[in-house]
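I opened the file to look up a few side chains and the elements around them. My notes follow in the order I took them.

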Amino acid sequence: MRLILSQNVENLGRIGDLVKVKNGFARNFLIPRGLGVVANEGNQAALNHQIRLLEKKKAVLLGEAKKQAGLIEKISVTVTKQVGEDEKIFGSVTTAELEELLAQEGVKVSKKDIKLTEEIKKVGVYAAEVRVHPEVVAKFKVWVVAPQ
């Protein structure tokens, strides 16, 4: 089945892309969630209009993503963890913890969009990335400290 995506779908395409997917995936997942519309010859004019609207929506979303990325890059979060010998922390810092800390700073992101550049196992300063948009990635600092 051919669909025009009305929202970005990871591993499938971006807004306005014409994609070919299996019928069940389209009928049971994409169309009911409003992620895509059927692309057939009967509504070709409507689809062209829809593409123009989606291009505008894509531009607006990209602008908002760049604003949010600017805010995220100014943020530095601090994680307090119990430490043992050689300043090794017990456990590790997870994306869920970083999601909570970013929410406390006023930034709403999903833990699925947060990527740690390296595994955090010791006290120190680390970098993390947030994929705000498929074309926009924001980096922020993570400070790992021992409790006082």
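Which residues is Phe140 in contact with, leaving aside its neighbours within four places in sequence? I list Ile72, Ile75, Val77, Leu98, Leu102, Tyr126, Ala127, Ala128, Glu129 and Val130. I note here that the model is predicted.

**Entry: the cores**

I looked up the nonpolar core next. The largest one has 23 residues. Phe140 is among the residues with the most contacts inside this core, together with Val77, Leu98, Leu102 and Val142. Val77, Leu98 and Leu102 I had already written down as contacts of Phe140. At least two residues of this core come from each of α2 (44–73), β4, α3 (95–104), β6 and β7. β7 gives the largest share, with 5 residues. I then found another core lying apart from it, of 8 residues, including Leu5, Val19, Ala26 and Leu35. As general background, nonpolar side chains in soluble globular proteins tend to be buried together.

**Entry: the sheet**

I traced the strands. An open sheet is formed by 4 strands in the order β4-β7-β6-β5, with mixed pairing. At the edges I have β4 (76–80) and β5 (114–116), each of which pairs on one side only. Ignoring direction, neighbouring strands of this sheet are turned by 30° against each other on average.

**Entry: Glu129**

Glu129 was on the contact list of Phe140, and I looked it up separately. Glu129 lies in strand β6. Is Glu129 buried or exposed? Its relative accessible area is 19%, and the limit for buried is under 20%, so Glu129 counts as buried. Apart from neighbours within four places in sequence, I find Glu129 in contact with Asp113, Ile114, Lys115, Thr117, Val137, Ala138, Lys139 and Phe140.

**Entry: the loop between β4 and α3**

Lys81 lies in the loop between β4 and α3. Lys81 has 15% relative accessibility and therefore counts as buried. Which side chain does the side chain of Lys81 make a polar contact with? I find that of Glu97, at 2.8 Å.

I noted a positive phi for Asp86, near 60°, in a residue other than glycine. Glu87, found in the loop between β4 and α3, likewise has a positive phi near 60°. Glu87 counts as partly exposed because its relative accessibility is 49%. For background, most residues other than glycine have a negative phi.

**Entry: Glu135**

I found Glu135 in the loop between β6 (124–133) and β7 (136–145). With 41% relative accessibility, Glu135 counts as partly exposed. Not counting residues up to four places away in sequence, what does Glu135 touch? I have Arg14 and Leu62. The side chains of Glu135 and Arg14 make a polar contact at 2.7 Å. I also looked up the separation from Leu101, which is 34 residues from Glu135 along the chain: their C-alpha atoms are 24 Å apart.

**Entry: aromatic rings**

How many aromatic pairs does the structure hold? I count 1. The pair is Phe25 with Phe29, and it is stacked, at 5.4 Å centre to centre and with 10° between the planes. The planes are under 30 degrees apart, which is why I write stacked. Both residues lie in helix α1 (residues 23–30), 4 residues apart, about one turn of the helix. Phe25, at 36% relative accessibility, counts as partly exposed. I have Phe29 as partly exposed as well, at 30%.

Key. Residues numbered from 1 in each chain as written. Predicted model: local features only at pLDDT ≥ 70, side-chain atom pairs only at ≥ 80, totals over all residues. Heavy atoms only, no water. Phe/Tyr/Trp six-rings, centres within 6.5 Å; stacked < 30°, edge-to-face > 60°. Buried < 20%, exposed > 50% of the residue type's maximum accessible area, 1.4 Å probe, protein only. Contact = heavy atoms within 4.5 Å. Polar contact = N/O pair within 3.5 Å; in protein donor to acceptor, adjacent residues only side chain to side chain. Pairing = 2+ DSSP bridges. Axes fitted to C-alpha atoms, helices over the stretch in contact; angles between N-to-C directions. Core = buried A, V, L, I, M, F, W, Y, C linked by side-chain atoms within 4.5 Å.
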